[in-house]
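Please read the points below alongside the sequence and the coordinates.

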Amino acid sequence: MRVVILENAEAVAEFAALQFIHQVSGKPDSVLGLATGSTPLGTYGKLIKAHREGRISFRRVCTFNLDEYLGLSPDHSQSYHRFMRESLFDHIDISSGNTHVPRGDVNDIEKEIEEYERAIEAAGGIDLQLLGIGTDGHIAFNEPGSSLASRTRVKTLTRRTREDNARFFGSLDEVPKMALTMGIGTILESRSILLLACGEGKADAIQKTVEGPITSLVPGSALQLHSRVTIAVDIKAASKLSQLEYYADCERNRTELGKV
Ligand code: F6R
């Protein structure tokens, strides 16, 4: 695992945006895996700016989002469809036909799940998957206890996740109890993965993800099984890591080798 520790959330967003710019300039028809929530907002802001400056084009890019709340229509103010349109898609040159967010409001949810997995496969698989992490260690909405081989499916959200996300809704009661989410197995098939975390509230989840044993109780720890994972965190989210000096040494050596 590459662990990159940066000064603050702004630097994390800058780093993440550069990884996407590098990916898309090397492969203009990249398949990108995207996340929602507070963490990627800074990155999306930087990508919009880079697009306006002519440093990245999404014309040939295709995207797949990780998850959607069960029961919310794409136009619901808190749906992840709407989040993605407002935070990124409406501001870049991506064709809406190339963006994919699972539908949480369809009658035949099993069909939606099958088609979502098939669409990822048909697109050639995900080149670069962006992830945030929950305070309980979840990635996408794979809550503690999720099978490390899980595929896209419906998951029940933990009370902690619903409480964490209640800030976006009027009250805890309004937060959906279930979500449609890519599985851990689905995520691990991505060719490379970039997980971002900022703030003290994520320090425990980051320590367990990077340095803890691989366990379904900390879904993020499954990333240790992948050979191309970058964890980019601010100082606060890194504060509980035990090998801080070593991670910094590795980054210095990478820079010497001229790697991005
Ligand atoms: C969102 C997602 C979630 C979030 C996580 C952290 O698509 O998959 O796993 O990344 O809940 O959320 P924030 O960034 O709001 O702290």
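In this predicted model, the lining of the second largest pocket is made up, by class, of 6 nonpolar, 6 polar and 5 charged residues. The volume of the second largest pocket is about 390 Å³, and of the 17 residues that line the second largest pocket, those closest to its centre are Gln19, Leu128, Ser192, Arg228 and Thr230. Helix H1 (9-26), strand S9 (192-197) and strand S10 (229-234) are the elements that give two or more residues to the lining of the second largest pocket.

**The largest pocket**

- The largest pocket, with a volume of about 520 Å³, is lined by 30 residues, of which Thr36, Gly37, Ser38, Tyr80 and Asn165 are the closest to its centre.
- Three elements each supply at least two residues of the lining of the largest pocket, namely strand S4 (67-69), helix H3 (80-87) and helix H5 (159-165), and among the contributors H3 gives the most, with 4 residues.
- When the lining of the largest pocket is sorted by class, 12 residues are nonpolar, 12 are polar and 6 are charged.

**The ligand and its surroundings**

- The largest pocket is the space taken by the ligand, and the ligand is surrounded by 14 residues, the closest being Thr39, Asp67, His138, Ala140 and Lys202.
- The shell around the ligand consists of 4 nonpolar, 7 polar and 3 charged residues.
- Of the 410 Å² that the ligand exposes when taken alone, the protein buries 93%.

**The enclosed cavity**

- The structure holds 1 cavity of 30 Å³ or more, and the space in the largest cavity amounts to about 40 Å³.
- The residues that line the largest cavity are Phe20, Leu32, Leu34, Leu47, Phe58, Val61, Thr63, Leu88, Ile92 and Ile94.
- By class, the lining of the largest cavity divides into 9 nonpolar residues and 1 polar residue, with no charged residue.

Note on methods
Residues are numbered from 1 along each chain as its sequence is written. This is a predicted model: local features need pLDDT of at least 70, side-chain atom pairs count only at pLDDT 80 or more; totals for chains, interfaces and linings use all residues. Side-chain values use heavy atoms; hydrogens and water are left out. A residue is near a molecule or strand if one of its heavy atoms lies within 4 Å of it. Accessible areas come from the Shrake-Rupley method with a 1.4 Å probe; for residues, only the protein chains shown count as cover. On a 1 Å grid over the protein atoms alone, a cavity is a set of points where a 1.4 Å probe fits but cannot get out, and a pocket is an open set with protein on both sides within 12 Å along at least five of seven lines; lining residues have an atom within 4 Å of a point. A molecule sits in a cavity or pocket if more than half of its atoms lie within 2 Å of its grid points. Ala, Val, Leu, Ile, Met, Phe, Trp, Tyr, Cys and Pro count as nonpolar, Asp, Glu, Lys and Arg as charged, and the others, Gly among them, as polar. Grid points are joined across faces, edges and corners, and a volume is the space filled by probe spheres set on the points.
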